[in-house]
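The sequence and the coordinates are shown first, and the description follows.

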Amino acid sequence: MDQQRERFTPIKSYVPFRGLFDPCPPIGEKYYSTPPNLYLGFQPPNLEQFTPQEALRKGTLWKVFYDYYDNPYKRGGDSSHG
Amino acid sequence: MEGPVPFPQRGEEIVWIYEKKLQYPVKVSTCNPTLAKYLVEQYGGADGELAAALRYLNQRYTIPDKVIGLLTDIGTEEFAHLEMIATMIYKLTKDAKPQALKEAGLGEHYVQHDSALFYNNAAGVPFSATYFQAKGDPIADLYEDIAAEEKARATYQWIIDMSDDTDLNDSLRYLREREIVHSQRFREAVEILKDERDRQKIF
């Protein structure tokens, strides 16, 4: 799981271009999701699983596909650029 | 193996099977009809659960045999998600008086439907079959399906961003996770169909 996490970040951000006469205060960082399914390709065999009870709650049997989401603008950003 | 509910065995005379149970529990902890206005995007919107279910269960007839089962599984699961969304919308609006609906931006909805659910998007535009395609080309259709899953995932994110209801968000996070898994399986379906292993392997 940790190895998978090191291989990719599930959220990215960038700072949108600011014009001279933009009417609103800047949003700062703009976020977007890059969930695990973008990186894995065809699922390899013998990946780590959640217990059946956990899997039913989380929405996936496979730990590698689990991607918790929360409003990134609330947290104010611990994401990586790129 | 005996479950709590005796499931029909092969050969039993069964006309129709439906398990009267949500795929994942739906709990709403705050009275906030405005959330219903946002949630209806997943009910009757272009990237919503109804469009998804109809898309996959229609494409499944003209897709190579290897991936028909996948479209059937995912297409029917989308109906399970539709039930969850309907439950959320119903709970959020069932006790709202006309004035409360008006304040939530649902005055127009009330005039047309009372608090009945209707297949329209968050802006009130009625559902349309033009929201999805069936090109008949397996790659084109599966690429549309992948895009649809990513769009539905994004919609769930935007609704979670707008919602402070932790119980509702828990159910929405479950649905978002399912979109990720579905996208993964459609991507694998493309890999299966473009696979050239047959030519390289000798059995």
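At 78% relative accessibility, A:N46 counts as exposed, because exposed means over 50%. The residue belongs to the loop that runs between strand 2 (30-33) and helix 2 of chain A. Although A:N46 is not a glycine, its phi is positive, at about 60 degrees. Most residues other than glycine have a negative phi. The model described here is predicted, and every value in this report is computed from it.

B:D114 is found in the loop between helix 5 and helix 6 of chain B. With a relative accessibility of 44%, B:D114 counts as partly exposed, because that class lies between the limits of 20% and 50%.

## The contact between the chains

Chain A contributes 23 residues to the contact, and chain B contributes 22 residues. Between the two chains an area of about 1,900 Å² is buried, and carbon and sulfur atoms give 46% of that area. On the chain A side, the residues that lose the most area to chain B are A:N37, A:F42 and A:Y69, which together account for 33% of what that side buries.

Which residues of chain A are in contact with B:Q184? Leaving aside neighbours within four places in sequence, B:Q184 is in contact with A:N37, A:L40, A:G41, A:F42, A:Q43 and A:F65. B:Q184 lies in helix 7 (residues 166-194) of chain B and counts as buried, because its relative accessibility is 1%. Its side chain reaches the backbone oxygen of A:G41 at 2.8 Å. The side chain of B:Q184 also forms a polar contact of 2.7 Å with the side chain of B:E188.

## The largest pocket

The largest pocket holds about 740 Å³ of space. It is lined by 17 residues, and B:E19, B:K21, B:L22, B:Q23 and B:A80 are the closest to its centre. Both chains take part in the lining: helix 2 (52-58) of chain A and helix 3 (65-93) of chain B each supply at least two residues. Helix 3 of chain B gives the largest share, four residues. By type, the lining of the largest pocket consists of eleven nonpolar, two polar and four charged residues.

## The second largest pocket

For the second largest pocket, the volume is about 280 Å³. Its lining has 21 residues, and those nearest the centre are B:V40, B:L106, B:H109, B:N120 and B:G124. Two or more residues of this lining come from each of helix 1 (33-44), helix 3 and helix 5 (107-113) of chain B. Ten of the lining residues are nonpolar, eight are polar and three are charged.

## The cavity

How many cavities of 30 Å³ or more does the structure hold? There is one, and the volume of the largest cavity is about 50 Å³. Its lining is made up of B:D47, B:G48, B:E49, B:A52, B:R55, B:Y56, B:E78, B:A148, B:E149, B:A152 and B:E179. The elements that give two or more of these residues are helix 2 (49-59) and helix 6 (138-162) of chain B. Helix 2 of chain B provides the largest share, with four residues.

How values were computed. Residues are numbered from 1 along each chain as its sequence is written. Chains are lettered from A and ligands numbered from 1 in the order in which they are written. This is a predicted model: local features need pLDDT of at least 70, side-chain atom pairs count only at pLDDT 80 or more; totals for chains, interfaces and linings use all residues. Side-chain values use heavy atoms; hydrogens and water are left out. Buried means under 20% relative accessible area, exposed over 50%, partly exposed in between (1.4 Å probe, protein chains only). A polar contact is a pair of N or O atoms within 3.5 Å; within protein, one must be able to donate a hydrogen and the other to accept it, and residues adjacent in sequence count only if both atoms are side-chain atoms. Contact means heavy atoms within 4.5 Å. On a 1 Å grid over the protein atoms alone, a cavity is a set of points where a 1.4 Å probe fits but cannot get out, and a pocket is an open set with protein on both sides within 12 Å along at least five of seven lines; lining residues have an atom within 4 Å of a point. Grid points are joined across faces, edges and corners, and a volume is the space filled by probe spheres set on the points. Buried area is the accessible area (1.4 Å probe) that two parts lose on being put together, summed over both. Ala, Val, Leu, Ile, Met, Phe, Trp, Tyr, Cys and Pro count as nonpolar, Asp, Glu, Lys and Arg as charged, and the others, Gly among them, as polar.
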